[in-house]
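Please read these points with the sequence and the 3D view side by side, and check each one against the residues as you go.

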Amino acid sequence: MLYATTGTFRYFKKEGYKLIVEVDQELSDYYRSLIPRYKDVNHQRYGAHISVVRREIPVNLEFWGKYEGQEVEFVYDSEVKWGRVYYWLNTFSEKLEKVRTELGLPVSTEYTRPPEGFVKCFHMTLANVKHLGVG
């Protein structure tokens, strides 16, 4: 089932260009709590977010920072997905696709797509199993 909510655009340029949508941490915590307790998982490394730009250099830098602090709506699939290393929720947003296009980037890259999933969607990482030596 898909649910709609909002997050906030945050731009960074400390170690390269990074654009995320900050998401309510309680949303991430709730869905992580649905992972069975017998699964030995780590919390995500950073606060709840959706990566929009990561390890890329935007072509159209005149648009960098354009939406800083603005809210953006997205929908997410309430089914927790998992792969070899990560647990996540699939997220979808035409606005995030538009922002990537505006910056001169393809809508989908290995950093915006779920770890093992779709082409035109983003994701919110919930947990990982890197401590088990699989990541």
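1. The secondary structure of this protein, which is a predicted model, comes to two helices and eight strands.

2. As to overall form, the C-alpha trace spans about 50 × 30 × 25 Å along its principal axes. The radius of gyration is 15 Å, which agrees with the value near 14 Å for a compact globule, because that is what would go with 135 residues. Of the 135 residues, 42% count as buried.

3. Which residues form a positive surface patch? The patch is made up of Arg 45, Arg 54, Arg 55 and Lys 130. One of these residues, Arg 55, is found in strand 4, which covers residues 49-56. Arg 55 has a relative accessible area of 60%, and it therefore counts as exposed, since the cut-off for that word is over 50%.

4. A further arginine deserves a look, namely Arg 84, which is found in the loop between strand 6 (81-82) and strand 7 (86-92). The relative accessible area of Arg 84 is 59%, so this residue is exposed. Arg 84 and Asn 128 are 44 residues apart in sequence, while in space the distance between them, C-alpha to C-alpha, is 8.8 Å.

Note on methods
Residues numbered from 1 in each chain as written. Predicted model: local features only at pLDDT ≥ 70, side-chain atom pairs only at ≥ 80, totals over all residues. Heavy atoms only, no water. Patch = residues over 30% accessible without salt bridge, like charges linked within 9 Å, V, L, I, M, F, W, Y side chains within 5 Å. Areas by Shrake-Rupley, 256 points an atom, 1.4 Å probe, with all protein chains shown as cover. Salt bridge = Lys/Arg side-chain N within 4 Å of Asp/Glu carboxyl O. Lys, Arg positive; Asp, Glu negative; His and termini not counted. Charge placed at Lys NZ, Arg CZ, Asp CG, Glu CD. Helix = DSSP H or I, 4+ residues; strand = E, 2+ residues; numbered from the N terminus. Buried < 20%, exposed > 50% of the residue type's maximum accessible area, 1.4 Å probe, protein only. Rg over C-alpha atoms; globule rule 2.2 N^0.38 Å.
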